[in-house]
Amino acid sequence: MSALPARLDQARPYALGLFRIVIGLLFLCHGAASLFGVLGGAQGSGGTVPVGAWPGWYAAVIQLVTGLLVMIGLGTRSAAFLASGSMAYAYFSAHQADGLFPIQNSGEASVLFCWTMLLLVFTGPGAFALDALFAKALGRNRDPEREPATA
């Protein structure tokens, strides 16, 4: 039985990489829906958020850009931090007044994205990230997203 945890530990970077890709794609889709009216449009209305409308248009731009960066693994920790903060703002400004719990105020997506993005801030991108390719191409041996600097 002890071989299973060891095998799961070996697969951790790959599972984390796949997790990051899926979360980034889903976040990007929310931004694309609001900005371009695709995938059901803004809030399922089929339309778009008016350009410059506060906070919807800015939130959609953040979702599109940070979702793309998280998905491809480029500046994952910084992008995920910004995305997490934007979802915390969305929850407290748009949902929390309608009820104490996310199930009461339709804020589940905001809470889930906030916490999953915050998790990526601490875990880094895992496997399949562009950051690792750029580090290798630049001749750096360590991945700054996954390893602490040595003194």
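How are helix 1 and helix 5 oriented to each other? The two helices are oblique to each other, a class left for angles that are not under 35 degrees (roughly parallel), over 145 (roughly antiparallel) or 65 to 115 (roughly perpendicular). The model is predicted, with local features requiring pLDDT of at least 70 and side-chain atom pairs counting only at pLDDT 80 or more, while totals for chains, interfaces and linings use all residues. Residues are numbered from 1 along each chain as its sequence is written, and side-chain values use heavy atoms, with hydrogens and water left out.

The chain contains six helices and zero strands, in the order α-α-α-α-α-α from the N terminus on. Helices (H or I, at least four residues) and strands (E, at least two) are DSSP runs, numbered from the N terminus. The C-alpha trace spans about 45 × 40 × 30 Å along its principal axes. Of the 151 residues in the chain, 33% are buried; buried means under 20% relative accessible area, exposed over 50%, and partly exposed in between, with a 1.4 Å probe and protein chains only.

Two packed helices are described by the angle between their axes and the distance between the axes. Axes are lines fitted to C-alpha atoms, for helices over the stretch in contact, and angles run from 0 to 180 degrees between N-to-C directions. Helix 1, residues 3–36, packs with helix 5 at an angle of about 140°, and the axes are 11 Å apart. This crossing is left-handed, meaning that the near helix is turned anticlockwise from the far one by less than a right angle; clockwise would be right-handed. Helix 1 also packs with helix 2, residues 56–72, at about 150° and with the axes 7 Å apart. Helix 1 is therefore roughly antiparallel to helix 2. The crossing of helix 1 and helix 2 is left-handed.

D9 and R12 are separated by about one helical turn because they are three residues apart in helix 1. D9 is partly exposed at 43% relative accessibility, whereas R12 is exposed at 52%.

Most residues other than glycine have a negative phi, and most peptide bonds are trans. In the loop between helix 1 and helix 2, L39 has a positive phi of about 55° although it is not a glycine. L39 is exposed, with a relative accessibility of 63%. P55 is placed in the loop between helix 1 and helix 2, and the peptide bond from W54 to P55 is cis, with omega near -10°.

F128 lies in the loop between helix 5 (108–123) and helix 6 (130–137). The phi of F128 is positive, near 65°, and F128 is partly exposed at 49% relative accessibility. In sequence F128 and M71 are 57 residues apart, and in space 9.6 Å, C-alpha to C-alpha. Together with Y14 and L18, F128 makes a nonpolar surface patch of about 340 Å². Patches are made of residues with over 30% relative accessible area and no salt bridge, with like charges joined within 9 Å and nonpolar side chains (Val, Leu, Ile, Met, Phe, Trp, Tyr) within 5 Å. Accessible areas come from the Shrake-Rupley method with a 1.4 Å probe, and for residues only the protein chains shown count as cover.

Terms used
Salt bridge = Lys/Arg side-chain N within 4 Å of Asp/Glu carboxyl O.
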